[in-house]
Amino acid sequence: MDEAIQKRRKNKKWIRRAFIELIAEKKTINKVTVNELAVRADITKTTFYYHYDDIYAVAEEFENELIEKLNKTIDEIAAETPTDYSEYFRKILEFIRENEESYRLAVRATDLSGFASRLKSIFSKRVTNMEKEFGFSPDYEKRNVQVYFLVSACVDTVMHYLKGNMASSIDTVGEVITEIVEKLKRNS
């Protein structure tokens, strides 16, 4: 492998590690500067700007990697249990538990509404394909409202948990979400 490519990868890895450390310490991206990130990564500011436009570009890359990993996991879950939504929820929450610190950092490091919107979009597409399992209306307009309601409630609840605004465990969150979906399904 070309030495220049190896050096670029190494620099990006150092930048990424420094970014994660600073977000974990400062709890918000707004308090992280390029200068302190460069110092922490043991690189120059010029090296930082060679790879990224600003701190938010590092956050976006971090978020994109998490979204990509989540999508891959959802594909695997859907292949294993395509019609069992309770197992689907359980496995997604298990994935979040296994990657909880990364998701907590992403919630702190990114525009929360943008990250949540991306998650909602991913889950809306998936849930729409499970309309029979969820008992959604065959009417297009009603089904869209039902999908939006369900996905928004679930994603917002998990985001609230990841922000640290909920005393419950991720297991309790998953259990309650599954119970509510069961009740909605029985009443549809």
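Me: Which residues have the most contacts inside the largest nonpolar core?
Reply: In soluble globular proteins, nonpolar side chains tend to be buried together. A nonpolar core is a set of buried Ala, Val, Leu, Ile, Met, Phe, Trp, Tyr and Cys residues joined through side-chain atoms within 4.5 Å; buried means under 20% relative accessible area, exposed over 50%, and partly exposed in between, with a 1.4 Å probe and protein chains only. In this predicted model, the largest such core holds 56 residues, and Phe19, Leu37, Phe48 and Phe134 have the most contacts inside it. Two or more residues each come from α1 (3–26), α2, α4 (55–80), α5 (85–98), α6 (100–109), α7 (112–128), α9 (140–162) and α10 (170–186). Helices (H or I, at least four residues) are DSSP runs, numbered from the N terminus.

Me: Where is confidence lowest, and where is it highest?
Reply: The predictor's confidence in each residue is its pLDDT, from 0 to 100. The protein averages 84, and 93% of the residues score at least 70. Helix α8 (residues 131–134) has the lowest mean, 72, whereas helix α2 (residues 34–41) has the highest, 94. Residues are numbered from 1 along each chain as its sequence is written, and side-chain values use heavy atoms, with hydrogens and water left out. As the model is predicted, local features need pLDDT of at least 70 and side-chain atom pairs count only at pLDDT 80 or more, while totals for chains, interfaces and linings use all residues.

Me: How is an aromatic pair described, and how many are there here?
Reply: A pair of aromatic rings is described by the distance of the centres and the angle of the planes. Rings of Phe, Tyr and Trp (its six-membered ring) pair if their centres lie within 6.5 Å; planes under 30 degrees apart count as stacked, over 60 as edge-to-face and the rest as tilted. The count here is four aromatic pairs. Phe19 and Phe62 are edge-to-face, at 6.3 Å centre to centre and 70 degrees between the planes. This pair links distant parts of the chain, with Phe19 in helix α1 and Phe62 in helix α4, 43 residues apart. Both Phe19 and Phe62 are buried.

Me: Why is the pair of Phe95 and Tyr103 edge-to-face?
Reply: The pair is edge-to-face because the planes of Phe95 and Tyr103 stand at 75 degrees, with the ring centres 6.0 Å apart. Phe95 and Tyr103 are both buried.

Me: Which residues form one aromatic cluster?
Reply: Phe48, Tyr49 and Tyr52 form this cluster.
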